[in-house]
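The following paragraphs lead the reader through one protein structure, from its overall layout to individual side chains. Please keep the sequence and the model in view while reading.

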Amino acid sequence: AWPPASPRKSAPGGGPVSASQRTTWLLVGGWIAVMVVIYLVTEVYRKPAEGKVLAHGVLEIPRSSDGHFRVNGAVNGVPVQFMVDTGASIISITDKVAERAQLPEGVPIQFQTANGVREGTMRRADRIEVGPLTVNNLRVGTGYTGESDKDALLGQNFLRYFEVRMEGNTMLLKARPSSED
């Protein structure tokens, strides 16, 4: 007879696959697919917008979806994701960034943070970059714990070299005349 009969599918134990087992696997597979799509969409949504430089040399940092201002930067050439923290006295980085940036050994210190006391070291970085803006020879605190090893806080010891202005959901940084750290 044409078409030939299809072979019977069997369950792992050797018995036939029931309709309810097929339905269960389809539902599980569907839920996994939905969760993967949701994860990928939220990762794109959470990724902060890039800061951009305007024609007159101002760095424009858009507010992220979490309400903070985040911008890509580097410590001694090592990429980081800075969160602008106008309440922080100094730049804070993770121990991993300090290691990759080859910062010299520092002095042990306790940092008073909004989340309590944190142990770390005070070190010095040769170069801090935020977009096209650069400041040399700044103190940085290590021991920061963000969501990832690349997270860092951009504190006042960097920000004081710039005029910081808010316009709606945008932070603007513009270089001001030089001063010492």
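Read along the sequence, the protein follows the pattern α-β-β-β-β-β-α-β-β-β-β-α-β-β. Its secondary structure comes to three helices and 11 strands; helices (H or I, at least four residues) and strands (E, at least two) are DSSP runs, numbered from the N terminus. This is a predicted model, in which local features need pLDDT of at least 70 and side-chain atom pairs count only at pLDDT 80 or more, while totals for chains, interfaces and linings use all residues. Residues are numbered from 1 along each chain as its sequence is written, and side-chain values use heavy atoms, with hydrogens and water left out.

Of the 181 residues in the protein, 33% are buried. Here buried means under 20% relative accessible area, exposed means over 50%, and partly exposed lies in between (1.4 Å probe, protein chains only). The accessible surface of the protein comes to about 11,700 Å², and 56% of this surface belongs to carbon and sulfur atoms; accessible areas come from the Shrake-Rupley method with a 1.4 Å probe, and for residues only the protein chains shown count as cover. Among contacts (heavy atoms within 4.5 Å) between residues at least 6 apart in sequence, 49% join residues at least 24 apart.

In soluble globular proteins, nonpolar side chains tend to be buried together. A nonpolar core is a set of buried Ala, Val, Leu, Ile, Met, Phe, Trp, Tyr and Cys residues joined through side-chain atoms within 4.5 Å. The largest such core in this model has 30 residues, of which Val-75, Phe-82, Ile-91, Ile-93, Ile-128 and Phe-158 touch the most other members. Leaving aside residues up to four places away in sequence, Ile-128 has contacts that include Ala-74, Leu-133, Val-135, Leu-138 and Val-140.

Thr-94 lies in the loop between strand E5 (91-93) and helix H2 (95-100). Is this residue, Thr-94, buried or exposed? With a relative accessible area of 5%, Thr-94 is buried. Its side chain takes part in polar contacts, meaning pairs of N or O atoms within 3.5 Å; within protein, one atom must be able to donate a hydrogen and the other to accept it, and residues adjacent in sequence count only if both atoms are side-chain atoms. The side chain of Thr-94 reaches the backbone nitrogen of Val-97 at 3.2 Å and the backbone oxygen of Asp-149 at 2.6 Å. Not counting residues up to four places away in sequence, Thr-94 touches Gly-143, Tyr-144, Ser-148, Asp-149 and Asp-151.

The surface also deserves attention. Trp-25, Val-28, Ile-32, Val-36, Tyr-39 and Leu-40 make a nonpolar surface patch of about 650 Å². Patches are made of residues with over 30% relative accessible area and no salt bridge, with like charges joined within 9 Å and nonpolar side chains (Val, Leu, Ile, Met, Phe, Trp, Tyr) within 5 Å. One of the patch residues, Val-28, is found in helix H1 (residues 19-46) and is partly exposed at 35% relative accessibility.

The whole structure has three salt bridges, each a side-chain nitrogen of Lys or Arg within 4 Å of a carboxyl oxygen of Asp or Glu. Asp-66 and Arg-70 meet at 2.5 Å, N to O; Asp-66 is partly exposed at 40%, whereas Arg-70 is buried at 15%. Arg-127, partly exposed at 37%, meets Glu-129 at 3.5 Å, N to O. Arg-165 pairs with Glu-167, their closest N and O atoms being 2.8 Å apart; Arg-165 is partly exposed at 46%, and Glu-167 is partly exposed at 46%.
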